[in-house]
Amino acid sequence: METKEFNKTNKKLSVIGVGTWELSSNREDNIKAIKYAIDNGVNFIDTAEMYNTEDIVGEAIKGYEREKLFIASKVWPTHFKYEDVIKACEASLKKIGTDYLDLYQLHWPNKSVPIKETMQAMEKLAEEGKIKNIGISNFSLDEMKEAQSVMSKYEIASNQVEYSIVTRDIEKTGVFDYCKENKIAVIAYSPLSHGKIFNNKELLADISKISGKYGKTPAQVALSWLVHRDNTFPIPKASNPAHMKEDIGAAGMKLAKEDIDFLSGLESKYYTEPIAKQHKKNEDKVNNYNFKEEKIN
Ligand SMILES: NC(=O)c1ccc[n+]([C@@H]2O[C@H](COP(=O)([O-])OP(=O)(O)OC[C@H]3O[C@@H](n4cnc5c(N)ncnc54)[C@H](OP(=O)(O)O)[C@@H]3O)[C@@H](O)[C@H]2O)c1
């Protein structure tokens, strides 16, 4: 499996990671899919306390050498007070069945808790060895800078943001360039546009013009386009081994420059608003979300 260095660590991560939000209800298939990925060289698995999939990840990774894996989870904004961050992390460790997380991320910004308080808790967890890297998710450029400025000892390792062939807002807001300049990894979520690329026949036909040349599928080419971006790690979600097999088959491709240019041109035709934009409009609801309400990611 092709790997890339995860900035600021000496870890080499598989260029395709595994996302686990909204897995299908077939738990056995979900576990088989994650195991299939690991057996085929994937070492990067992303979950979150809010997904209710930490136990599935825990079950899937049982029996594999822990230090060969890179396990990421996230704390939800309702748990951003100091003691709550510590407790949420401990609960995640327990559900996953591990002593440490390779990456612990703030899932969404939360203006109602001072970021310094939250970051102090993240640094405490890092000092204690419970987390190896501190990450953020859905943070804007200013929010990233602020989060870094209140940290005393550690640096932000990654920002997990929506990024796909049809959603490239992070390139326009300065987030992508800032991450690159500061060696902050971009973890690309919803890299298949939350499945929307499969529903758009014209888009699929356009991507197929390229995928056909390489004997690959449109999903593989859409993921490979992200793998070709500097500093970027896509984490598609696949609920079953067949989807997983296809998705991880995106690793190792080398796209020609003219094909990358063609694919880069598709966003202007098929732009899809990021999920986060709708949630930003609804930020209070996101930050007050309690785990019994409808899911908001
Ligand atoms: N930090 C955040 O706020 C945030 C927000 C959103 C997502 N994420 C992370 O990013 C991960 C991926 O994003 P996502 O789940 O939103 O969307 P995604 O990976 O872009 O798309 C997932 C959808 O595509 C389908 N799919 C995957 N591979 C396929 C294939 N080869 N052929 C046909 N269909 C395929 C999946 O179906 P099946 O389920 O049937 O396989 C699912 O419906 C999440 O699981 C989560 O870990 C993070």
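Predicted model: local features only at pLDDT ≥ 70, side-chain atom pairs only at ≥ 80, totals over all residues.
**Entry 1: helix H3.** At 1.5 Å a residue, its 15 residues should span 21 Å, and I found the end C-alpha atoms 22 Å apart, which agrees.

I then looked up which residues of H3 are buried, and listed Val85, Ala88, Cys89, Ser92, Leu93 and Ile96. Around the axis they cover an arc of only 140 degrees, so they sit on the same side of H3. I recalled a rule that bears on such patterns: an α-helix has 3.6 residues a turn, so residues three or four places apart point the same way.

On the face turned away from the buried side of H3, I noted the exposed residues Glu83, Glu90 and Lys94. I also asked what covers the buried residues of H3. The cover includes helix H2 (54-61), strand S4 (70-75), strand S5 (103-106) and helix H4 (115-127). After H3 I found glycine 97, with a positive phi near 75 degrees.

**Entry 2: tyrosine 82.** I located tyrosine 82 in helix H3, which comprises residues 82-96. I recorded tyrosine 82 as partly exposed, because 17 other C-beta atoms lie within 10 Å, whereas a buried residue needs 20 or more. Setting aside neighbours within four places in sequence, I found tyrosine 82 in contact with Glu117, Gln120 and Ala121. Lysine 124 is 42 residues from tyrosine 82 along the chain, yet I read a separation of 9.5 Å between their C-alpha atoms.

**Entry 3: the ligand.** I looked up the 29 residues around the ligand; Gly19, Tyr189, Leu192, Gly195 and Lys237 come nearest. I sorted the shell into nine nonpolar, 15 polar and five charged residues. Helix H10 (residues 241-248) supplies the largest share of the shell, three residues.

Note on methods
Residues numbered from 1 in each chain as written. Helix = DSSP H or I, 4+ residues; strand = E, 2+ residues; numbered from the N terminus. Buried ≥ 20, exposed ≤ 12 C-beta atoms within 10 Å, placed from the backbone. Contact = placed C-beta atoms within 7 Å. Near = placed C-beta within 6 Å. Nonpolar A, V, L, I, M, F, W, Y, C, P; charged D, E, K, R; others polar. Expected span 1.5 Å × (residues − 1). Arc of directions from axis to C-beta.
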